[in-house]
Amino acid sequence: MLISQMKPEALTREQITRLVFGTVKEVDDGTQTGDCIFVFGGKNLDRVWKAVELYNNGRAPYILFTGGDRFGKWEQTEAAMMRDEAIRFGIPAESILMETMSNHTKENIMASLIVLDRALGLERIQRILLVSAPGHMRRCQLMLWTFMPSWYEYVWCPDDRSQGRRDNWWTDPEEEKRVLGELKKVIGGVKGRYFVDADINI
């Protein structure tokens, strides 16, 4: 079903899970490598630890940390905070790329285009490993399809947080609220033409 045809209030919990968190086939199976690990901005360190794990397992030679200061709210950018944590876990500085201008998901992607082009060459990239919160992955994918080169392949590598996962998001009131908000952002984003539509098997 096309996302633009969906109504949030009409979807079952299972359908919401497949739309927001992806189907089982869409999530990383641990085998594919890529040119870069793209870490979306955020304060939760689970995404940093996931990126470190992927790097240490030889899945990609570079980690790109994205995220600015949230419109001047923080003294240190999200990307710098994540970089420092990665270095603390032994990731070499020369394997880390930084994007520090963005303040939200769309900007994470658009501001990263110049960083990726200067460091790797956009034309040389084939596959990117995506790291963010489990419930953020669908929206990330749709925005990447909208703003990144069309030939790129993406591997969903959600972080390993204990709450807010595809198998337990409805058990915590705060996480349930967050996921239902994300559901509306996905459907509303398509209908508002902020990013492309997609046919999702829900």
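## Thr66 and its surroundings

Which residues does Thr66 touch, not counting residues up to four places away in sequence? In this predicted model, the residues that Thr66 touches are Phe38, Val39, Phe40, Gly41, Glu78, Ala79, Met82, Glu99, Ser102, Asn108 and Ser112. Thr66 itself belongs to strand β2, which covers residues 63-66, and with a relative accessible area of 0% the residue is buried.

The side chain of Thr66 also takes part in polar contacts with the backbone of two of these neighbours. A polar atom of that side chain lies 2.9 Å from the backbone oxygen of Val39, and the side chain of Thr66 reaches the backbone nitrogen of Gly41 at 3.0 Å.

## Helix α4

Asn108 and Ser112, which are among the residues touched by Thr66, lead on to helix α4, which spans residues 105-119. This helix has 15 residues and reaches 21 Å from its first C-alpha to its last, which is close to the 21 Å expected at 1.5 Å a residue. Even so, α4 has a kink of about 35°, and this kink is centred on Ser112.

Which residues of α4 are buried? They are Thr105, Asn108, Ile109, Ser112, Val115 and Leu116, and the buried residues of the helix pack against strands β1 (36-39), β2 and β3 (96-99) as well as against helix α5 (137-147). Just after α4 comes Gly121, which takes a positive phi of about 90°.

## The cysteines

How many disulfides does the model contain? The count comes to zero, and the distance between sulfurs shows why for Cys36: the closest cysteine sulfur, in Cys157, is 12 Å from the sulfur of Cys36, which is too far for a bond, because a disulfide requires the two sulfur atoms to be within 2.5 Å.

## The annotated span

According to the UniProt record, which is an unreviewed entry, residues 35-147 carry the feature "domain: DUF218". In the model, the end C-alpha atoms of residues 35-147 lie 18 Å apart, and this span is 42% helix and 15% strand.

Key
Residues numbered from 1 in each chain as written. Predicted model: local features only at pLDDT ≥ 70, side-chain atom pairs only at ≥ 80, totals over all residues. Heavy atoms only, no water. Helix = DSSP H or I, 4+ residues; strand = E, 2+ residues; numbered from the N terminus. Buried < 20%, exposed > 50% of the residue type's maximum accessible area, 1.4 Å probe, protein only. Polar contact = N/O pair within 3.5 Å; in protein donor to acceptor, adjacent residues only side chain to side chain. Contact = heavy atoms within 4.5 Å. UniProt positions renumbered as here; feature names shortened; annotations may be inferred. Expected span 1.5 Å × (residues − 1). Bend = angle between axes of the 7 residues up to and from the residue.
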